[in-house]
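Please look through the sequence and the model shown here.

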Amino acid sequence: MKVSYSSLEAFKNCPQKYKFSEIEKIKEPKTREAVFGSYIHEILHWFYENDPDFPTLEELLDHYKENWPKPDEFGWKNNKDAENYLNEGIRQLESFYTANTPLQSVILELEKHFILDFDVNGEKHHLSGIIDRVDSLGNNRYEIIDYKTGKRVPSQKDTDKDLQLSIYALGLLNFWPKLEPKNIDLSLYFLKPGLKVTSKRTASHLEKTKQEIKEGILNILKSDFTPTPSKLCDWCGYRRRCPVWHDYYVQTNLTGRKVSLLVDEYFSLQKKNYQLNQRLKEIKEQINEYCKKNNIAQISGKTGTLKKVSGKRITYNINQIIETLGPLNRLEQVLMVNQKVMEEVLQELPDSFKKIILAARKEEDLDSLN
Ligand code: SF4
């Protein structure tokens, strides 16, 4: 059997997802974030491939814009969406270039493919992977760098346990068995905030990683691939064909008659939701009052605990804000017009003023149900 870090992770998150992708070989539609991430990887690969004649920032950005994926590859929501992604990429590349030029290390490998062999119950299995970049830092020290375009930067503790980085360390050691793990820096480079998180592994940690991979393979071999629905379903590209979601999509395969039933259900749920929220508010107020009176910071029922959270409500004197920030041209940054309040004010304004305000208003079409 062939596995990879992502297929092991897919199995851990949901065996059914693994089955769709690895056994039935159904391609998961890529999200825009995933296509964007792959494209940024390609651009950085192109940039470092030109070692030692690295392109200038201008050349890098020109290459990025010229090869920007076609609209059908990205699945943009609209032109604005496409422009936002394009500009985000420019911003990430500019800050990456500024922080990493001139290069302080020597690039040894780019997109280095590796295969690790595992013996599970007498059968051979393979784990393959690709390391974005391997650098020499001098003094027999090396760095594995994996680029990330996602938003979430893990803590140091999580990075120290990151399975993907441990697998990369094993991948490199497979080529250079004499290398000591302590001489390998394992880095995740987050392009969005421009942050690099670096970690190390010990030989014993890597032994545990091998065990973890073997257990993962064994679990796949034994599995009946029962789906395990979770929050991750919201990002799963197989949702439309997943048995867990079958009824949901049958219901949403609508005819005119069914839609009117759904509209009724929507309003009935909305009403219940309103009542529930009102009740929650009332309960919270009563508990708060009791805790305040009795100076209690934490209170428990049989099913949960509420804790006192302290904070401050901050208000500003609006006239002083206008007087101070107006002449500095910073007013717009801090003031936002509240649409609901504006509508109320408009009702009361004389027509001449109303006209001026309405002329300053910009309307955009938003397609949503209300
Ligand atoms: S939709 Fe959810 S349950 Fe179905 S395969 Fe995807 S992750 Fe698993």
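**From the ligand outward**

Around the ligand there are 13 residues, and the closest are Cys14, Pro227, Cys233, Cys236 and Cys242. A residue is near a molecule if its C-beta atom, placed from the backbone, lies within 6 Å of it. By class, this shell holds 10 nonpolar, 1 polar and 2 charged residues. Here Ala, Val, Leu, Ile, Met, Phe, Trp, Tyr, Cys and Pro count as nonpolar, Asp, Glu, Lys and Arg as charged, and the others, Gly among them, as polar.

The model is predicted: local features need pLDDT of at least 70, side-chain atom pairs count only at pLDDT 80 or more, and totals for chains, interfaces and linings use all residues. Residues are numbered from 1 along each chain as its sequence is written.

The protein chain has 15 helices and 8 strands. These are DSSP runs numbered from the N terminus, with helices (H or I) of at least four residues and strands (E) of at least two. The radius of gyration of the protein chain is 28 Å, well over the 21 Å that the globule rule gives for 370 residues, so the chain is more spread out than a compact globule. That radius is taken over C-alpha atoms, and the rule is 2.2 Å times the number of residues to the power 0.38. Along its principal axes, the C-alpha trace spans about 80 × 55 × 55 Å.

Buried residues make up 15% of the 370 residues in the protein chain. Buried means that 20 or more other C-beta atoms lie within 10 Å of the residue's own, exposed means 12 or fewer, and partly exposed is in between; C-beta atoms are placed from the backbone.

Some backbone details remain. Most residues other than glycine have a negative phi, and most peptide bonds are trans. The peptide bond from Asp51 to Pro52 is cis, with omega near 5°; Pro52 sits in the loop between helix 3 (32–49) and helix 4 (57–66). Another cis peptide bond joins Thr101 and Pro102, with omega about -5°, and Pro102 belongs to the loop between helix 6 (79–100) and strand 2 (106–120).

Glu111, in strand 2, has a positive phi near 45°. Glu111 is partly exposed, with 14 other C-beta atoms within 10 Å. Asn139 also has a positive phi, near 50°, and lies in the loop between strand 3 (123–138) and strand 4 (141–148). With 6 C-beta neighbours inside 10 Å, Asn139 counts as exposed.
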